[in-house]
Amino acid sequence: MIDTYGPYHAAYIIAAVVYAAYSFSVWWRAKRARERLRHARRDLVDR
Amino acid sequence: MSDHRPPGTFSSAWLLVRKDLAIEFRTRTAFLSALVFAVLALTIFYFTWDESVVSPNDRAPGVLWVVLTFSALLGLQRSFGLEEHDRGIDALLVSPISRESIYLGKAIGNLIFLCAIQLVAIPSLVLFYNMPVGRPLFLVSGIVFLAMVGIVAVGTLFSAMAVNTRLAELLLPMLSLPFFVPILMNASQAAARVFAGRPVAEVGHLLKLLVAFDLVFIFACTLAFSFTLEE
Amino acid sequence: MTSATQRHDSAATAAAKPVLDWFFALAALAVVGVYIRAIYFTPLEARQGAAQKIYYIHVPSAIASYCAVTITALASIVFLWLHDERADRLAEASAEVGLIFMSMVLVTGPLWAHNQWGAWWVWWDLRLTLSLFLWFLIVGYLVLRGAIEEPAMRGRYSAVLAVLAALLIPFIHLSVYFSAAHMHPDPIVLQPSKPKLPPEMLLTFLLGIGAFTWLCLALIRSRYRLGVLRDEVALLEAEHASR
């Protein structure tokens with residue numbers, strides 16, 4: 001009987017990890033963008 | 001010329017074709033390099049398979065399309081590259097010829113370029129791979145022409161777009177190849193069957209899809225071209 | 001064209017919104033719920049065993065990814081017509097999210113196919129092959145965007161590509177059907193294969209489609225907000241540089 005559990009576990013784990021990682025990357029990039037935004041605003045005010 | 005109406009779409013396109021061909025004829029570098037590449041590739045691919053395992057006759061149809069695709073990409077790379085030097089494209093845009101004419105002119109120029117290469121490549125294929133001459137070859141040449149029309153329609157547009165970006169040499173194949181897929185799938189299958197002696201009627205549905213692709217994308221890319229040159 | 005201050009004000013309000021908000025949180029919870037249901041509360045299929053459960057992720061991801069690329073295509077048409085940068089931003093966000101979901105289709109597909117048919121890749125499976133070419137098109141779209149600095153040209157070029165890609169899809173579908181169909185006795189047409197699913201499995205399946213599509217839309221919304229932030233940063237940095 002071929003192993004059907006291996007691919008099943010692999011698929012579920014990979015999908016969970018990738019979707020979570022992408023969500024995190026969106027959050028992380030937004031955090032970096034907000035920091036750069038603060039810097040840029042400060043630079044403009046200081047002229 | 002006594003009247004000052006700008007030339008119509010097709011005559012201006014033809015003017016552009018003659019200009020590009022004149023430039024090409026004077027230098028001949030692009031044509032000769034593409035030609036040498038095509039013939040060399042044909043010969044090299046011969047040695048990538050063991051003769052005793054896969055007969056050259058079986059391999060030939062596949063090799064034909066690989067070589068066609070890559071020599072097409074070489075030819076397309078150069079088509080707008082010509083204008084890059086001295087920003088020739090600005091002169092074209094300022095002139096009274098329409099955007100559609102520029103696109104059609106470039107596309108027809110590319111088609112002629114590719115046909116010229118295939119006029120040498122296909123006989124070379126027949127020579128090196130011992131392919132049958134006669135009706136199958138004639139039909140396959142027709143299929144190759146139909147495929148080239150589609151390749152040129154899409155490739156000319158993407159060549160125009162890619163030239164304006166930072167990654168021009170990478171982007172042209174990257175954008176064009178997915179679009180070549182339906183062309184190649186249908187054409188190569190049809191050609192393989194025709195070479196094997198099957199009746200044309202059997203591949204009718206493939207050829208119809210190929211022609212439909214050509215018509216749809218000539219129309220769509222002509223329209224799209226005006227968007228890419230919007231200044 | 002809105003004035004500079006108007007743009008900065010609206011960007012400021014947009015920037016204040018969190019990128020991962022309640023909409024995303026609920027979507028994530030829905031997906032977790034489907035996971036739990038699929039793993040613990042859905043029976044095993046007799047013939048295929050545990051690997052059949054991959055379908056509860058594979059098909060919903062595919063449907064979600066098709067939604068995402070449809071959004072990209074529609075937003076591109078709107079951009080070409082109205083020249084609204086928001087449409088362009090939406091197209092970009094949908095493309096990126098769509099790429100992630102499409103990648104999952106291409107990862108879970110072979111895992112299931114190998115178990116089911118003994119081959120990692122099956123060219124006659126229309127969904128898998130179509131997903132592969134869509135994947136290449138999305139990558140081309142994103143690389144094209146990355147290669148153009150000027151926003152208006154970037155929007156225009158990528159929108160043209162998106163619309164042409166949408167035109168291409170039916171041709172790829174038919175071409176694969178014609179070429180691969182003769183490789184396999186009965187080609188699987190573009191629909192989730194409809195064995196008679198018992199009600200518990202069918203429910204898991206439908207819940208899966210709902211949850212993953214919700215997650216996809218939530219991520220597009222989040223990625224869109226990221227796009228707003230980035231555009232604002234680019235604008236301010238450009239202003240700063242020009243002084």
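Reader: What is the mean pLDDT of chain C?
Author: The mean is 88, and 90% of the residues of chain C reach 70 or more. pLDDT is the predictor's confidence in each residue, from 0 to 100. This is a predicted model: local features need pLDDT of at least 70, side-chain atom pairs count only at pLDDT 80 or more, and totals for chains, interfaces and linings use all residues. Residues are numbered from 1 along each chain as its sequence is written, and chains are lettered from A and ligands numbered from 1 in the order in which they are written.

Reader: Where in chain C is helix confidence lowest, and where highest?
Author: Lowest in helix α1 (residues 4–16) of chain C, with a mean of 70. Highest in helix α3 (residues 55–82) of chain C, at 96. Helices (H or I, at least four residues) and strands (E, at least two) are DSSP runs, numbered from the N terminus.

Reader: And where does pLDDT stay under 50?
Author: Over residues 187–192 of chain C. The model has 14 contacts beyond four places in sequence for that stretch. Two residues are in contact if their C-beta atoms, placed from the backbone, lie within 7 Å.

Reader: What scores does the complex get?
Author: The predictor gives an ipTM of 0.90 and a pTM of 0.90.

Reader: How many helices and strands are in chain C?
Author: 7 helices and 0 strands. Of its 243 residues, 45% count as buried. Buried means 20 or more other C-beta atoms within 10 Å of the residue's own, exposed means 12 or fewer, and partly exposed is in between; C-beta atoms are placed from the backbone.

Reader: What about chain B, how many helices and strands?
Author: Chain B has 8 helices and 0 strands. Buried residues are 39% of its 231. Its C-alpha atoms fill a box of roughly 65 × 35 × 35 Å along the principal axes.

Reader: Now chain A. How many helices and strands there?
Author: 1 helix and 0 strands. The C-alpha trace of chain A spans about 75 × 10 × 5 Å along its principal axes. Of its 47 residues, 21% count as buried.

Reader: Which chains share the most contacts?
Author: Chains A and C, of the 2 pairs of chains in contact. There, 26 residues of chain A meet 33 residues of chain C. The chain A side divides into 19 nonpolar, 2 polar and 5 charged residues. Ala, Val, Leu, Ile, Met, Phe, Trp, Tyr, Cys and Pro count as nonpolar, Asp, Glu, Lys and Arg as charged, and the others, Gly among them, as polar.

Reader: How far apart are the closest C-alpha atoms of chain A and chain B?
Author: 24 Å, and no contact joins the two chains.

Reader: How many residues do chains C and B put into their contact?
Author: 23 from chain C and 25 from chain B. On the chain C side, α6(C) gives the largest share, 14 residues. That side divides into 19 nonpolar, 3 polar and 1 charged.

Reader: Last one. Which residues touch the most others in the largest nonpolar core?
Author: Phe101(C), Leu161(C), Leu215(C) and Cys216(C), out of 145 residues. A nonpolar core is a set of buried Ala, Val, Leu, Ile, Met, Phe, Trp, Tyr and Cys residues joined through C-beta atoms within 7 Å. Beyond its neighbours within four places in sequence, Phe101(C) is in contact with Ser61(C), Ala64(C), Ser65(C), Ala68(C) and Cys216(C).
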